[in-house]
Amino acid sequence: MALLVCPSCQMGKMGSEDGLSVNTKLKIGDKLYGEKFYYDAADYYQKILDVEPNNVDVTFKLAEAQFYSRDYLKAEVNYKKVVENSNKRVDFYFPTARYQYALTLKKNRKYDEAKSEFKTFINFSLLYKSFG
């Protein structure tokens with residue numbers, strides 16, 4: 001548990017040789033994220049994606065951690081992976097992903113792209129609201 005209390009302590013490497021399962025890394029990443037250690041949580045989420053690159057759930061968590069640690073360039077890349085994922089109904093499973101992606105584009109000064117994504121977010125929001 002010392003690792004969770006002191007995420008920067010030298011408790012061993014976080015690479016694949018660390019002996020931690022993907023599930024354990026996810027739990028640690030989620031714990032760190034919950035305690036607002038976003039940068040450290042992002043490291044754990046990235047290690048999971050090194051093994052499971054198509055894991056959309058973890059990609060979203062990584063994007064969120066990067067966003068809240070103000071690494072908007074990396075967050076943009078990962079939010080884009082989530083919103084462009086064709087295997088899931090992204091706007092249903094990750095309702096804030098498109099908004100966060102648009103906001104990240106805006107923070108990265110890509111205003112035309114941001115405007116387009118905000119419009120798409122609003123359209124999907126109205127669509128889902130009409131079903132509810």
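## Exercises around helix 5

Helix 5, residues 72–83, has 12 residues and spans 16 Å from first to last C-alpha, close to the 16 Å expected at 1.5 Å a residue; the expected span is 1.5 Å times one less than the number of residues. Helices are DSSP runs of H or I with at least four residues, numbered from the N terminus. This is a predicted model, where local features need pLDDT of at least 70, side-chain atom pairs count only at pLDDT 80 or more, and totals for chains, interfaces and linings use all residues. Residues are numbered from 1 along each chain as its sequence is written, and side-chain values use heavy atoms, leaving out hydrogens and water.

**Exercise 1.** Find the buried residues of helix 5 and what covers them.

*Solution.* Start with burial (under 20% relative accessible area, 1.4 Å probe, protein chains only). Tyr 72, Ala 75, Glu 76, Asn 78, Tyr 79, Val 82 and Val 83 are buried. Next, look at their cover, which includes helix 4 (56–68), helix 6 (90–93) and helix 7 (97–107).

**Exercise 2.** Decide how enclosed helix 7 is.

*Solution.* Count the buried residues: 8 of 11, so helix 7 is largely enclosed by the rest of the structure. Among them are Arg 98 and Gln 100.

Terms used:
Helix = DSSP H or I, 4+ residues; strand = E, 2+ residues; numbered from the N terminus. Buried < 20%, exposed > 50% of the residue type's maximum accessible area, 1.4 Å probe, protein only. Contact = heavy atoms within 4.5 Å.
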